[in-house]
Amino acid sequence: MHTLTIPAYPLLEKIRQQKPLVHHLTNWVTIYDCASIVKVLGASPVMAHAAQEVAQMSNLALSLVLNIGTLTVDFVEAMKIAALSANKKGIPVILDVCGAGATAFRDEKCFELLKEVTINIIKGNASEIAKIAGQNVETKGVDSTEVAHDMVAVARALSLKYHATVVVTGKEDIVADGVTTYLVKNGHTMMTHVVGTGCMATSVIGTFAAVEPDLAFAACCGLLCFEIAAECAVQKAKGPAHFKEELFDCLFNLDGKTVDRMQRVEKI
Amino acid sequence: MHTLTIPAYPLLEKIRQQKPLVHHLTNWVTIYDCASIVKVLGASPVMAHAAQEVAQMSNLALSLVLNIGTLTVDFVEAMKIAALSANKKGIPVILDVCGAGATAFRDEKCFELLKEVTINIIKGNASEIAKIAGQNVETKGVDSTEVAHDMVAVARALSLKYHATVVVTGKEDIVADGVTTYLVKNGHTMMTHVVGTGCMATSVIGTFAAVEPDLAFAACCGLLCFEIAAECAVQKAKGPAHFKEELFDCLFNLDGKTVDRMQRVEKI
Amino acid sequence: MHTLTIPAYPLLEKIRQQKPLVHHLTNWVTIYDCASIVKVLGASPVMAHAAQEVAQMSNLALSLVLNIGTLTVDFVEAMKIAALSANKKGIPVILDVCGAGATAFRDEKCFELLKEVTINIIKGNASEIAKIAGQNVETKGVDSTEVAHDMVAVARALSLKYHATVVVTGKEDIVADGVTTYLVKNGHTMMTHVVGTGCMATSVIGTFAAVEPDLAFAACCGLLCFEIAAECAVQKAKGPAHFKEELFDCLFNLDGKTVDRMQRVEKI
């Protein structure tokens, strides 16, 4: 295990230059913030979920973000069509298993997606990922639950099972692709008081994955930039609402020196 | 009629400690703000509306908030399933009759809900509540209309009819459960310039009802905390957008001394 | 071509006095901001999309705003019902052809709407309008693409074809009704970093159209007020999130002197 400097900022610069289109089928609660976070990164978000157009929209995009936060049967069917189009084009598909473990329906739909399409990045908090990995956990809605397991091992095993990069967010984020594992230690507890920071993290990862084929590296860089921006933001915040506003603007204005100086990451 | 000091802050502390899960089936306009207001109170919001999972989700929760702001036939059917699950578990169900009186469809669906499931708290502005109570009013969309009636009497009668607590928001809010009636006099006209303060008030009431079985008392305490935070917020605001941001952060940081000092409430 | 002073502020005052109801069937991404921008203008937004109630809701309103950003088949069917009701009542119908050109489905639905109901104002960015006008363009999601054509001529021709006012937003906005063409030169590039400024502009136009029968004039005045507020806002902004908040409050507080002094508009 060793501390290193990850060249995360050059990826952010690449996003700002290339302005990739990131197609989302996401939840109704945080849909605006997911679009906004992609926009402040310098990329171009598009949200479209009609079964009749998702294949064509994903084919225009450079990555596809799926988030089951407010899923329905029809919505998941549209996700499958979009994902198959993304798979065919060869762009990365990111799935946020938001709320997995809360209901049987949610779990069933996650497993359907994982079975019927190729998911390149599986992302959730510890309890959600543990559930998808077949661990026995109890969850409370969409907020994380303490998980007693060794999540690094769980993430690696899940990664190998689905040939996917696995991202587990929490106090320390785990990014594992079966070969490499990153531990991202940036971020701030204030993020837990804002609805949608988890969904936004997924959209950030999806945006970084649009410009970088090493998906674990992309996810690691995305989380670093997002969470460093959060640390900058919290210094100016009087509460969660001000914090969120600062977070967007800090990410919009983030520079390379700050990313290099503030990052706390390990590769194991 | 006498002025009193309501122990509203201890309930807020209870929310912060117990972090109850509050399940919502709410409208697409203010869904994010409803989740956020629950979060800044210290509780845990979950928004889920698929017919296949709402019963299980409500069974995990400690209260259920229904808001018909952007209702459809299927959405109301999912509300019924969720409410029956909540009724069975014995947790409170709060219905915001948002926009009642604007269309026949909206009224019909309100009455269907009131007939087919147990609603524990009915909440609306004066024109909406008057409509549900069978008074003849004309409304204009989702914004309130002047109502000539004695709304306290209307609220009490409606409360008795449905064995429910009735909340009428306005310059002075009325909370009536057939025995006790509270008049909450806090708040500020700036709230009327922000989309969603009515919906947020409902979510606040739902969150307080999750930790307190006396629902009229819970609703009164929730409105007090929300509206005192609004009064604190308006002092720092240059307009509705800044006001809204301050409102979230004032509620997040609200303390007992402020709640006791600023509350203006009567019990009649 | 001559520079002139447009009496835009009196229309804003009329909105503040009359508080028209503006019915929306809009997209899920920016629905809150569309409602908010109508509210800070002093009008009353209502969002309702159930097929069973849209006709009645449009009949209560003074204008109808349609936005296909997250369209589905059913949603467009509800739009048609609402629009026919609006047509019958004689209130203006504004269509934001958001994302036109991105998918065949989106284009098809735009043309269906334009064929089956009367659209009084067609609004989009250059690539979207070019697509609707039958020009051969490639688009990238919902963000604008450089268009090589003479957009003033395109707008005029489209206006004549559908007997509608056409609004093309961009660095300079074009408003054409076949007789008069306005070029609105206010605004700021910061607007392009905020998700939803295009949708909000449509809602602003819809609100001005609710109080003024000369729709090109109404659209021109709406864009002027919105973009002058944006110019005021950007002076105080550290990034897109702060900018957006200031934009709402600047529009809420906008006065006649500022509108007269800052407007940059040509009539050709």
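Residues are numbered from 1 along each chain as its sequence is written, and chains are lettered from A, with ligands numbered from 1, in the order in which they are written. Because the model is predicted, local features are reported only at pLDDT of at least 70 and side-chain atom pairs only at pLDDT 80 or more, whereas totals for chains, interfaces and linings use all residues. The model scores ipTM 0.94 and pTM 0.96.

Two copies of a chain are related by a rotation about an axis and a shift along it.

The contact between chain A and chain B, in which two residues are counted if their C-beta atoms, placed from the backbone, lie within 7 Å, takes 25 residues from chain A and 25 residues from chain B. On the side of chain A that touches chain B, helix 5 (104-116) and helix 10 (240-252) of chain A each supply at least two residues, helices being DSSP runs of H or I of at least four residues and strands runs of E of at least two, both numbered from the N terminus. Helix 10 of chain A gives the largest share of this side, four residues. By class, this side of chain A holds 12 nonpolar, eight polar and five charged residues, where Ala, Val, Leu, Ile, Met, Phe, Trp, Tyr, Cys and Pro count as nonpolar, Asp, Glu, Lys and Arg as charged, and the others, Gly among them, as polar. Only 12% of the interface residues of chain A are also interface residues in chain B, so the copies meet through different surfaces.

In the contact between chain B and chain C, 25 residues of chain B meet 25 residues of chain C. Helix 5 (104-116) and helix 10 (240-252) of chain B each contribute at least two residues to the side of chain B that touches chain C, and helix 10 of chain B provides the largest share, four residues.

Within chain C, five of the five residues of strand 2 (residues 21-25) are buried, so this strand is largely enclosed by the rest of the structure; a residue is called buried if 20 or more other C-beta atoms lie within 10 Å of its own, exposed if 12 or fewer, and partly exposed in between, with C-beta atoms placed from the backbone. L21(C), H23(C) and L25(C) point one way from strand 2 of chain C, and V22(C) and H24(C) point the other way. Strand 2 of chain C runs parallel to strand 3 (residues 44-47) of chain C and is joined to it by four bridges, pairing requiring at least two DSSP bridges. In this pair, S44(C) is the bridge partner of L21(C). The chain passes from strand 2 of chain C through helix 2 (residues 31-40) of chain C to strand 3 of chain C in a right-handed β-α-β crossover, a term that applies if, with the strands pointing away from the viewer, the path from the first strand over the helix to the second runs clockwise. Four bridges also join strand 2 of chain C to strand 4 (residues 63-67) of chain C, again in parallel, and V22(C) stands opposite S63(C) in strand 4 of chain C.

In the loop between helix 1 (8-18) and strand 2 of chain C lies K19(C), which has a positive phi of about 45 degrees although it is not a glycine. With 17 C-beta neighbours inside 10 Å, K19(C) counts as partly exposed.
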